[in-house]
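Colleague: I'd like a close look at the aromatic side chains in this model. Start with one residue, then show me what surrounds the rest.

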Amino acid sequence: MSEIVVQAFVTLDGVVQAPGGRDEDAESGFEHGGWQDRYHPDEDNEFVGEWESKTEALLLGRKTYEIFAGAWGVWDENADGLTGELTRRYNRVPKYVASNTLTTLDWKNSHLLGPDVPAAVAALRAQPGGEIRVWGSGDLIKTLAAHDLIDEYRLVVYPLVLGTGKRLFSEGFPLTQLTLTESRALPTGILVNTYRRRAAAEKGGG
């Protein structure tokens, strides 16, 4: 059985909008794009590289897919360091996309999930494999949580309050019981927390 793993960079007040770039997502007049740049990127690289070495597929909403396709989908696979490593991996693994508007996908190895997203994801999760990675994709995450399809959350929590922006656990998010299975503090005060859905944690003995 595969596992659905959500990874997110999040502020103390729960904001996940546009951490990586000023123009990444300016929806609703968001002015804090690139807020992650306030912290030393090398701290992120070690554990992100560790996590992504386990990625066997990407599961993305339309907006995140388009951002990824316009970045990882066109960047040089021979680039140095983590950028090249992730570009090669993301090009290789299958990408599953939830969208009501897209009819074709140009990034290689990309597949539309179809109209019944929960059923399609449940079928993917039931197949043998490793980690199916979710980045961004807030609306998709809420849908998956409503159908109890998320096995793990890996949240990189920054000691920063923005006071505005899209939140990971927004109003109306379904009741979700989680178990903290790991927590690491980085020198800049960033916390790297791993949470398992209660049933998954209990099954694994956590």
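What does phenylalanine 169 count as by its relative accessibility: buried, exposed or partly exposed?

Modeller: Phenylalanine 169 counts as partly exposed, because its relative accessibility is 40%. The scale runs like this: buried is under 20% relative accessible area, exposed is over 50%, and partly exposed lies in between (1.4 Å probe, protein chains only). Phenylalanine 173 has 16%, so it is buried.

Two notes on the basis. This is a predicted model, with residues numbered from 1 along each chain as its sequence is written. Local features need pLDDT of at least 70, side-chain atom pairs count only at pLDDT 80 or more, totals for chains, interfaces and linings use all residues, and side-chain values use heavy atoms, without hydrogens and water.

Now the rings. Rings of Phe, Tyr and Trp (its six-membered ring) pair if their centres lie within 6.5 Å; planes under 30 degrees apart are stacked, over 60 edge-to-face, the rest tilted. That rule gives 10 aromatic pairs. Tryptophan 35 and tyrosine 158 have ring centres 5.3 Å apart and planes at 85°, so they are edge-to-face. This pair links distant parts of the chain, 123 residues apart: tryptophan 35 lies in the loop between β1 (3-11) and α1 (41-52), tyrosine 158 in strand β6 (residues 152-158). Helices (H or I, at least four residues) and strands (E, at least two) are DSSP runs, numbered from the N terminus. Tryptophan 35 is buried, at 0% relative accessible area. Tyrosine 158 is buried too, with 0% relative accessibility. Back to your residue: phenylalanine 169 forms an edge-to-face pair with phenylalanine 173, 5.0 Å centre to centre and 85° between the planes.

Tyr158 and Trp35 also belong to one aromatic cluster with Phe9, Tyr39 and Trp135.

Leaving aside neighbours within four places in sequence, tyrosine 90 is in contact (heavy atoms within 4.5 Å) with residues including Trp72, Lys95, Trp107 and Trp135.

Finally, lysine 95. Its charged end sits over the ring of tryptophan 107, 4.4 Å from the centre. The rule is NZ of Lys or CZ of Arg within 6 Å of the ring centre and within 35 degrees of the ring normal.
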